[in-house]
Amino acid sequence: MHIAEGFLPPAHAVAWGVASAPFVVHGVRSLTREVREHPESTLLLGASGAFTFVLSALKLPSVTGSCSHPTGTGLGAILFRPPAMAVLGTITLLFQALLLAHGGLTTLGANVFSMAIAGPWAGYTVYRLLRRYDVPLMVAVFSAAFVADLSTYCVTSVQLALAFPDPGSGFLGALGKFGSIFAITQVPLAVSEGLLTVLVMRLLVQSSKGELTRLGVLLAEKQSRTETEAVTR
């Protein structure tokens, strides 16, 4: 997913940076408020950021100028909502560009938009929708991580297709080519990421019940169970 340094035309790089900026600014405000009001959440925030950093650093070659890898953003989006992941994802991408030559500074805006904004929002939307209809927590967690991963690559495919349309079939032709190439590696990676995220969430349920309840993750589960029992009585 990380589009390489200098790969996008300058106008596209600037445009994606401008599009990402409001989400990151809003995320900084949201994250600052969370830490100020609940300093005990700092450790879980750090763990969410580390989870994203480690998973998204595991890259596989894919489309020229990009790569395939897990994203790790679904977990943080579930726990702290997508605005927080805009910040954590941006920090992750910045450090990877500077320290690992993974991605780049000129393409930072595009990579932030796909991995730190679009992915978390898509995954969180699916999670909230499933929980509203009393889908079990771990199924919703798997689905959120899976969708957050795949939607990131859908957006990256759009970004590359806009920058490099097919000479014959234009944007749609390029989108189909980029998307199909990504799908070969990304669908299995998305499934693996979903399973890993479920495993991590199970560990958090065992070790951080109080914090998950405050964040609404377990509270929603308890409410759903209570409503179901009330209906069956």
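W16, F23 and F113 come together as one aromatic cluster, and I would like to start there, keeping in mind throughout that what we are looking at is a predicted model. Because F23 sits in helix α1 while F113 sits in helix α5, the pair ties together parts of the chain that are 90 residues apart in sequence.

Let me widen the view to aromatic pairs in general. A pair of aromatic rings is described by the distance of the centres and the angle of the planes. Searching the whole structure gives 5 aromatic pairs. One of them joins F7 and F164, whose ring centres are 5.0 Å apart and whose planes meet at 55 degrees, so this pair is tilted. F7 belongs to the segment before α1 (10-37), and F164 to the loop between α6 and α7, so here the parts tied together are 157 residues apart in sequence. F7 has a relative accessible area of 27% and is partly exposed, and F164, at 33%, is partly exposed as well.

Now to the nonpolar cores. Which residues have the most contacts inside the largest core? That core has 29 residues, and the ones with the most contacts inside it are L79, Y127, M201, L212 and V217. At least two residues of this core come from each of α2 (42-56), α3 (73-80), α4 (82-99), α5 (108-132), α6 (137-163), α7 (170-207), α8 (209-215) and α9 (217-232). If we take L79 as an example and leave aside residues up to four places away in sequence, L79 touches L44, S48, M201, L204, L212, L215 and V217. Apart from this core lies another, of 22 residues, and among them are L8, W16, A116 and Y153; W16, you will remember, is also part of the aromatic cluster I began with.

Finally, a word on the record: an unreviewed UniProt entry annotates residues 41-58, 79-102, 108-127, 139-161 and 181-205 as "transmembrane region". In the model, the span 79-102 is 83% helix and 0% strand, with its end C-alpha atoms 26 Å apart, while residues 108-127 are 100% helix and 0% strand, with 27 Å between the end C-alpha atoms.

Methods:
Residues numbered from 1 in each chain as written. Predicted model: local features only at pLDDT ≥ 70, side-chain atom pairs only at ≥ 80, totals over all residues. Heavy atoms only, no water. UniProt positions renumbered as here; feature names shortened; annotations may be inferred. Helix = DSSP H or I, 4+ residues; strand = E, 2+ residues; numbered from the N terminus. Core = buried A, V, L, I, M, F, W, Y, C linked by side-chain atoms within 4.5 Å. Buried < 20%, exposed > 50% of the residue type's maximum accessible area, 1.4 Å probe, protein only. Contact = heavy atoms within 4.5 Å. Phe/Tyr/Trp six-rings, centres within 6.5 Å; stacked < 30°, edge-to-face > 60°.
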